[in-house]
Amino acid sequence: MTVSPDATPYAPLSVEALAQRLAEADDAVQLIDVREPSELELASLPGFDNLPLSEFADWSETIHSRFERDRETIVLCHHGMRSAQMCGWLAQQGFTQLKNVTGGIDAYALMVDRTVPRY
C-alpha cells in the first residue's frame, strides 16, 4: 500500500465524537478497523469490519464491492497511524467522506470506555 503525500484527504475524528457516532447506531456510517486479528482479540468495538493492513492483497481488490465511496467511512487502528495510512489509500480509491480516529482504540479506552482493554 503506497499513499501519495498530497494534502490530508480525510478528517480527524476524536474518540469522543466516535463514541457519539456509535451511539447513534445508524447504518449510514461504514466502520473499518485495520488492526490484526490478534489485536481484535485483545480489544475491539462492535460494528467494525476488520481489514488488516497485513492482508491488503487479500481484500484490496474487493474494496468497492464491500464499501460505498460516498458514505461516511470511519477508520480505526491502535493509535491512529495505520488508520491514517488506510484513509490515504481509500482517498486514492475515490472515497470522499473519510474520518481517521485520532489516538485509535487506545485513546478510546483511556478517554471514553475504560472497560475496553489497553494493550
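**Helix packing, sheet order and a few single residues**

User: Starting with the helices: at what angle do α1 and α6 cross?

Analyst: This is a predicted model. In it, the axes of α1 (residues 15–24) and α6 (residues 104–111) cross at roughly 85°. They come within 9 Å.

User: Roughly parallel or roughly perpendicular, then?

Analyst: Roughly perpendicular. Angles of 65 to 115 degrees count that way.

User: Which residues in α1 and α6 meet?

Analyst: From α1, Val15, Glu16, Leu18, Ala19 and Leu22. From α6, Gly104, Ala107, Tyr108 and Met111.

User: And how many are nonpolar, polar or charged in that contact?

Analyst: The α1 contact with α6 has 7 nonpolar residues, 1 polar and 1 charged.

User: Switching to the sheet. What is the strand order?

Analyst: β1-β5-β4-β2-β3. That is an open sheet of 5 strands, with parallel pairing.

User: Which are the edge strands?

Analyst: β1 and β3. Each of them pairs on one side only.

User: How many bridges link β4 and β5?

Analyst: There are 3 bridges, in the parallel sense. β4 covers residues 73–76 and β5 covers residues 98–101.

User: What is the bridge partner of Ile74 in β5?

Analyst: Lys99.

User: Which strands does α5 lie across?

Analyst: β2 (30–33), β4 and β5. Helix α5 covers residues 81–92 and runs at about 170° to β5.

User: What span should α5 have, and how far apart are its end C-alpha atoms?

Analyst: With 12 residues at 1.5 Å a residue, α5 should span 16 Å. Its end C-alpha atoms are 17 Å apart, which agrees.

User: Which α5 residues are buried?

Analyst: Ser83, Ala84, Met86, Cys87, Gly88, Trp89 and Leu90.

User: Which residue just after α5 has a positive phi?

Analyst: Gly94. Its phi is about 100°.

User: Now some single residues. Where is Tyr10?

Analyst: Tyr10 sits in the segment before β1 (11–13). It is partly exposed, with a relative accessible area of 21%.

User: Why partly exposed and not buried?

Analyst: Buried means under 20%. Tyr10 is at 21%, so it counts as partly exposed.

User: What is Tyr10 in contact with, leaving aside neighbours within four places in sequence?

Analyst: Ala84, Cys87, Gly88, Leu98 and Asn100. Among these, Ala84, Cys87 and Gly88 are buried residues of α5.

User: How far is Tyr10 from Asn100?

Analyst: In sequence, 90 residues. In space, 6.8 Å from C-alpha to C-alpha.

User: Next, Ala43. Where is it, and is it buried or exposed?

Analyst: Ala43 is in the loop between α2 (37–42) and β3 (49–50). It is buried, with a relative accessible area of 3%.

User: What does Ala43 touch beyond four places in sequence?

Analyst: Arg35, Ile105, Val116, Pro117 and Tyr119. Pro117 is 74 residues away along the chain, yet the two C-alpha atoms are separated by 5.5 Å.

User: Last one, Glu39. Buried or exposed?

Analyst: Buried, at 10% relative accessibility. Glu39 is in helix α2.

User: And which residues does Glu39 touch, not counting those up to four places away?

Analyst: His78, Arg82 and Tyr119. Ala43 also touches Tyr119.

Technical notes:
Residues are numbered from 1 along each chain as its sequence is written. This is a predicted model: local features need pLDDT of at least 70, side-chain atom pairs count only at pLDDT 80 or more; totals for chains, interfaces and linings use all residues. Side-chain values use heavy atoms; hydrogens and water are left out. Helices (H or I, at least four residues) and strands (E, at least two) are DSSP runs, numbered from the N terminus. Buried means under 20% relative accessible area, exposed over 50%, partly exposed in between (1.4 Å probe, protein chains only). Contact means heavy atoms within 4.5 Å. Axes are lines fitted to C-alpha atoms, for helices over the stretch in contact, and angles run from 0 to 180 degrees between N-to-C directions. Angles under 35 degrees count as roughly parallel, over 145 as roughly antiparallel, 65 to 115 as roughly perpendicular and the rest as oblique. Ala, Val, Leu, Ile, Met, Phe, Trp, Tyr, Cys and Pro count as nonpolar, Asp, Glu, Lys and Arg as charged, and the others, Gly among them, as polar. Two strands pair if DSSP finds at least two bridges between them. The expected span of a helix is 1.5 Å times one less than its number of residues.
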